Amino acid sequence: MDIDRIDQIIDKHHGEASSLIQVLLDIQSEHHWLPKEALDRVGEKLQVPLSRIQHIATFYKAFSLVPKGRHEVHICVGTACHVRGATRILDTVEEATGIKPGETDLDLKYSLETVNCLGCCALGPVLEVDGKVHGKMSPVKTADVLKNYE
Amino acid sequence: MSEILLQIDGKEVKATEGMTVLAAAQSAEIAIPTLCHHEKLEPFGACRICIVEVEVRGWTKLVVSCVYPVEENIIVRTRSEKIDRIRKTILELLLAHAPDSPELQALAGEYGADKDRFEKEASFCIHCGLCVRYCAEVTKKNAIGFVDRGIRKEISFIPEIASKECNDCKECFPLCPTSYLQAAFVLTQALAFPYPQQSYGDC
Ligand code: SF4
Ligand code: FES
């Protein structure tokens with residue numbers, strides 16, 4: 001991890017304690033997780049105790065204290081997607097990646113999560129990879145989508 | 001600061017602006033049970049045991065007295081059938097987490113709470129935040145904090161800080177209404193930093 005890069009992110013937010021969450025979000029989106037050294041640095045520079053940072057970093061689901069894969073796969077299992085066959089999509093992804101929801105594979109390629117509604121029920125079942133929505137999924141289409149990621 | 005007159009349990013009480021109902025009651029020697037309140041700490045309002053009835057212009061509402069600021073002419077009732085019932089349920093819920101806490105047991109006796117009403121979920125910590133807030137606000141060491149949220153919320157020591165500060169301080173230990181804080185410390189110590197040399201002498 002590059003401490004200078006962390007410093008840049010902190011400086012971008014003018015090193016203000018009130019920007020703590022923004023700083024953490026930026027680090028999270030760049031590294032896909034919040035490494036301990038980064039948190040130490042943020043605490044030191046923003047003058048926020050580590051106990052507080054830890055509380056925030058564990059409170060929001062957007063943050064992760066363990067490394068996440070390069071690609072974040074979200075599968076909607078909300079009611080609409082569920083009745084349209086989300087379970088089969090989930091099974092396909094689990095089989096293709098070898099991981100279950102909440103897990104990351106050893107190559108740090110994928111992290112898998114289920115979500116309870118992505119807000120586009122008409123497109124169900126929905127699969128989201130790195131923020132891009134893939135609607136009206138079938139197991140075959142799901143496998144095809146995953147092939148596009150390295 | 002302007003003076004505010006209010007009534008608590010039928011007694012006229014003088015308070016100043018910005019004071020909480022709890023503080024006003026205490027100044028008039030009217031007891032309200034508390035679990036998460038501490039005079040040296042900012043009001044927190046976590047345990048809800050200090051709930052009281054407040055009547056404002058004929059309307060009665062339930063408020064948490066340790067965070068509710070006094071207002072002119074309000075009528076406060078610190079005990080009623082309803083309040084006792086609420087406190088009883090709160091205690092029963094807390095007792096599911098920490099059935100052997102002496103503080104909870106004493107209150108349970110007073111409010112007739114049954115410690116076996118809810119299925120036990122022994123997390124031991126009742127999230128009063130006394131340890132976390134004392135460490136942040138009074139000793140300013142920030143060696144302990146909360147992590148996670150909802151039903152998974154728990155306290156967690158920061159090993160780097162705790163290993164340096166806690167052995168000489170431990171001021172938060174007696175504040176904990178359960179014994180969890182001490183247990184959590186011992187566990188952190190066993191897992192994350194070595195036991196101090198001098199303590200071996202006693203065995
Ligand atoms: S460990 Fe004890 S003092 Fe700390 S929050 Fe839990 S119950 Fe309160
Ligand atoms: S003492 Fe008021 S909520 Fe705990």
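The structure is a predicted model, and the values below were computed from its atoms. On the side of domain 1 of chain B that touches domain 2 of chain B, 5 residues are nonpolar, 2 are polar and 2 are charged.

In chain B, domain 1 covers residues 3-79 and domain 2 covers residues 130-192. A distance of 30 Å separates the C-alpha centres of domain 1 and domain 2 of chain B. Contact between the two involves 9 residues of domain 1 of chain B and 7 residues of domain 2 of chain B. Together, domain 1 and domain 2 of chain B bury about 750 Å², with 66% of this area on carbon and sulfur atoms. Of the area that domain 1 of chain B buries against domain 2 of chain B, 57% is supplied by His38(B), Leu41(B) and Phe44(B), which is more than any other three residues supply.

The secondary structure of chain B consists of 6 helices and 7 strands. Read from the N terminus, the order of elements in chain B is β-β-α-β-β-β-α-α-α-β-β-α-α. The C-alpha trace of chain B extends over about 60 × 45 × 30 Å along its principal axes.

Chain A is likewise assigned two domains, with domain 1 at residues 3-59 and domain 2 at residues 71-147. For chain A, the C-alpha centres of domain 1 and domain 2 are 30 Å apart.

The interface between the chains was examined next. Here 9 residues of chain A contact 10 residues of chain B. The area buried between chain A and chain B is about 890 Å², and carbon and sulfur atoms account for 53% of it. Polar contacts between chain A and chain B comprise 4 residue pairs, both members of each being at pLDDT 80 or more. Helix α4 (residues 50-59) of chain A provides 6 residues, the largest share of the side of chain A that touches chain B. By class, this side of chain A is made up of 3 nonpolar, 4 polar and 2 charged residues.

Over all chains, 21 salt bridges are counted, and 1 salt bridge is found between chain A and chain B. The partners in the salt bridge between the chains are Glu160(B) and Lys36(A), with their closest N and O atoms 2.4 Å apart. Because Glu160(B) belongs to helix α5 (residues 159-165) of chain B and Lys36(A) to helix α3 (residues 36-46) of chain A, the pair joins two chains. Side chains of opposite charge can pair when their charged atoms come close.

The residues around ligand 1 include four cysteines by name, Cys125(B), Cys128(B), Cys131(B) and Cys176(B). Also around ligand 1 are Ile126(B), His127(B), Gly129(B), Ile155(B), Pro177(B), Tyr180(B) and Leu181(B). In terms of residue class, the shell around ligand 1 holds 9 nonpolar and 2 polar residues, and no charged residue.

Key. Residues are numbered from 1 along each chain as its sequence is written. Chains are lettered from A and ligands numbered from 1 in the order in which they are written. This is a predicted model: local features need pLDDT of at least 70, side-chain atom pairs count only at pLDDT 80 or more; totals for chains, interfaces and linings use all residues. Side-chain values use heavy atoms; hydrogens and water are left out. Contact means heavy atoms within 4.5 Å. Buried area is the accessible area (1.4 Å probe) that two parts lose on being put together, summed over both. A salt bridge is a side-chain nitrogen of Lys or Arg within 4 Å of a carboxyl oxygen of Asp or Glu. A polar contact is a pair of N or O atoms within 3.5 Å; within protein, one must be able to donate a hydrogen and the other to accept it, and residues adjacent in sequence count only if both atoms are side-chain atoms. Helices (H or I, at least four residues) and strands (E, at least two) are DSSP runs, numbered from the N terminus. Ala, Val, Leu, Ile, Met, Phe, Trp, Tyr, Cys and Pro count as nonpolar, Asp, Glu, Lys and Arg as charged, and the others, Gly among them, as polar. A residue is near a molecule or strand if one of its heavy atoms lies within 4 Å of it. Domain bounds come from an automatic or database domain assignment.
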